[in-house]
Amino acid sequence: MIPYGKQAITGDDLAAVRSVLESDFLTSGPEIERFESALAEACGARHAVAVCNATAALHLAMRVTGIGPGDRVVTSPITFVASANAGEYVGAEVDFADVSEDDANIDPTSVAARAREGGLDAIVAVDYAGRPADLPALSSLAKEHGAVLIADGCHAIGTRFEVDGIPYRVGGNPFADITTFSFHPVKTITAGEGGALVTDNAEYAERARSLRSHGIERTGAEGPWFYEMRELGYNYRLTDFQAALGRSQLARLPENRARRQEIAARYAGELADIDCLALPKLERRSGRLGYGAGDLCLHLYPVRIDFAAIGKTRAQVMEELAGLGVGTQVHYIPVHLQPYYVGKYGYAPGKCQEAEAFYQQCLTLPLFPGMSDADAATVVAAVRAVVSPGAR
Ligand SMILES: *Cc1c(COP(=O)(O)O)cnc(C)c1O
């Protein structure tokens with residue numbers, strides 16, 4: 001079975017992890033800083049702070065930007081629940097804006113409407129599937145309301161884009177205050193588990209470093225043993241062997257991106273003619289934000305299928321594809337309709353109509369760097385057989 005996503009582990013990765021396991025430091029050692037420097041450089045950001053997962057990075061992003069009770073966080077419903085939950089962890093109110101039909105990314109117009117209705121203190125923008133959210137528009141909105149813009153870049157490490165013709169990277173741009181990444185095995189690169197936040201703001205970075213280890217500062221004021229706990233932090237540390245794996249994986253990000261682009265291009269070439277199937281648009285040249293297929297490092301390849309028109313349910317299509325050796329997944333169930341958010345805020349169907357319509361039709365096809373050309377051909381043939389109208 002070809003899964004929808006899969007980590008790629010090489011001999012270099014194994015050697016990197018092994019050398020740490022044979023060294024003196026398994027955690028809080030020299031590999032953390034090495035990984036952080038490599039990540040900051042890969043993004044074009046001043047600072048990177050490595051933590052145990054992206055959920056922790058999002059939580060720390062809320063803490064260091066001072067989001068808390070009485071504040072309002074607006075995010076996208078087409079994301080993993082963690083993007084929203086970070087606001088809940090700090091006692092803020094979490095609301096959801098609708099997404100754009102084009103890319104299933106949070107729609108700045110809808111964010112503006114939510115801001116008018118109830119105020120705005122933080123936006124969590126998700127670069128869904130690897131296409132950048134409209135960061136320039138969201139950044140203007142954030143500034144207008146005195147809010148912070150946190151970019152959940154968990155899908156988009158390695159993605160580039162232009163604003164007003166100037167090139168930027170996800171994590172390395174003046175629009176987001178903080179960008180977060182995940183190194184879970186399904187993501188673009190992995191550390192087993194792991195996450196990071198990157199920022200140009202030295203104070204945010206320093207405070208995140210402190211909070212990731214209990215808010216403790218080793219001052220040595222009364223002697224070499226001496227430390228002070230200045231504020232309530234957490235144990236959100238990454239281990240050194242995870243950091244070594246992350247750095248080894250990061251070194252291969254350009255090849256990883258190139259292979260993802262090749263597979264996406266193949267899908268675009270060989271599946272574009274099927275009625276009832278809409279492929280993700282990989283180019284945008286409207287407004288201030290622009291990118292082409294060669295700029296994207298796609299984490300997912302989500303297609304939209306008109307299930308009613310082909311006379312099959314999504315569950316049937318998934319089962320038939322699985323029967324032909326092709327694994328698929330659904331990204332995502334709109335977060336505002338999760339029982340927790342329905343119960344707490346009374347959010348109901350109809351609140352984010354584009355997001356709900358997207359959910360009805362979306363299906364993620366396999367995309368990962370270890371896919372062979374034969375795997376891609378298997379996916380194409382299976383989709384053509386199962387999804388074509390009249391295929392019944
Ligand atoms: C995976 C993911 C997260 C959470 O990452 P973890 O490292 O598993 O905590 C957050 N946001 C998005 C968009 C994700 O895809």
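Residues are numbered from 1 along each chain as its sequence is written, and side-chain values rest on heavy atoms, with hydrogens and water left out. Because the model is predicted, local features need pLDDT of at least 70 and side-chain atom pairs count only at pLDDT 80 or more, whereas totals for chains, interfaces and linings use all residues.

Helices (H or I, at least four residues) and strands (E, at least two) are DSSP runs, numbered from the N terminus. An open sheet of 7 strands has the order β1-β9-β8-β5-β4-β2-β3, with mixed pairing; two strands pair if DSSP finds at least two bridges between them. The edges are taken by β1 (47-51) and β3 (93-96), each with a single partner strand, so one side of each is left without a neighbour in the sheet. On average, neighbouring strands of this sheet are turned by 20° against each other, direction ignored. Axes are lines fitted to C-alpha atoms, for helices over the stretch in contact, and angles run from 0 to 180 degrees between N-to-C directions.

Strands β8 (residues 178-182) and β9 (residues 195-199) run antiparallel and are joined by 4 bridges, with Thr-179 opposite Val-198 of β9. Helix α2 (residues 30-43) packs on the sheet and touches β1, β8 and β9, its direction making about 130° with that of β1. Helix α3 (residues 54-64) lies across β1, β2 (72-75), β4 (122-126), β5 (148-152), β8 and β9, and runs at about 165° to β8.

Strand β2 pairs in the parallel sense with β3 over 4 bridges and with β4, also in the parallel sense, over 3 bridges. Val-74 has Asp-95 as its bridge partner in β3, while Val-73 stands opposite Ala-122 in β4. Arg-72 and Val-74 point one way from β2, Val-73 and Thr-75 point the other way, and all are buried (under 20% relative accessible area; exposed is over 50% and partly exposed in between, with a 1.4 Å probe and protein chains only). Together, β2, α4 and β3 make a right-handed β-α-β unit: with the strands pointing away from the viewer, the path from the first strand over the helix to the second runs clockwise.

Ser-83 is found in helix α4 (residues 82-89) and counts as buried because its relative accessibility is 1%. Its side chain makes a polar contact of 2.8 Å with the side chain of Asp-152. Leaving aside neighbours within four places in sequence, Ser-83 is in contact (heavy atoms within 4.5 Å) with Leu-58, Thr-75, Val-124, Val-126 and Asp-152. A polar contact is a pair of N or O atoms within 3.5 Å; within protein, one must be able to donate a hydrogen and the other to accept it, and residues adjacent in sequence count only if both atoms are side-chain atoms.

A further open sheet has 3 strands in the order β7-β6-β13, with antiparallel pairing. Its edge strands are β7 (166-169) and β13 (289-290), each pairing on one side only. Between β6 (residues 160-163) and β13 there are 2 bridges, and Val-163 stands opposite Leu-289.

In helix α11 (residues 314-323), Arg-314, Val-317 and Leu-321 are buried. Seen down the axis of α11, the buried residues fall within an arc of 60°, so they line one face of the helix; the arc is that of the directions from the helix axis to the C-beta atoms. Exposed residues Ala-315, Glu-319 and Gly-323 are carried on the face turned away from the buried side of α11. The cover over the buried residues of α11 includes β14 (301-305), α10 (307-310), α13 (353-361), β15 (362-365) and α14 (373-387). Gly-325, which follows α11, has a positive phi near 85°.
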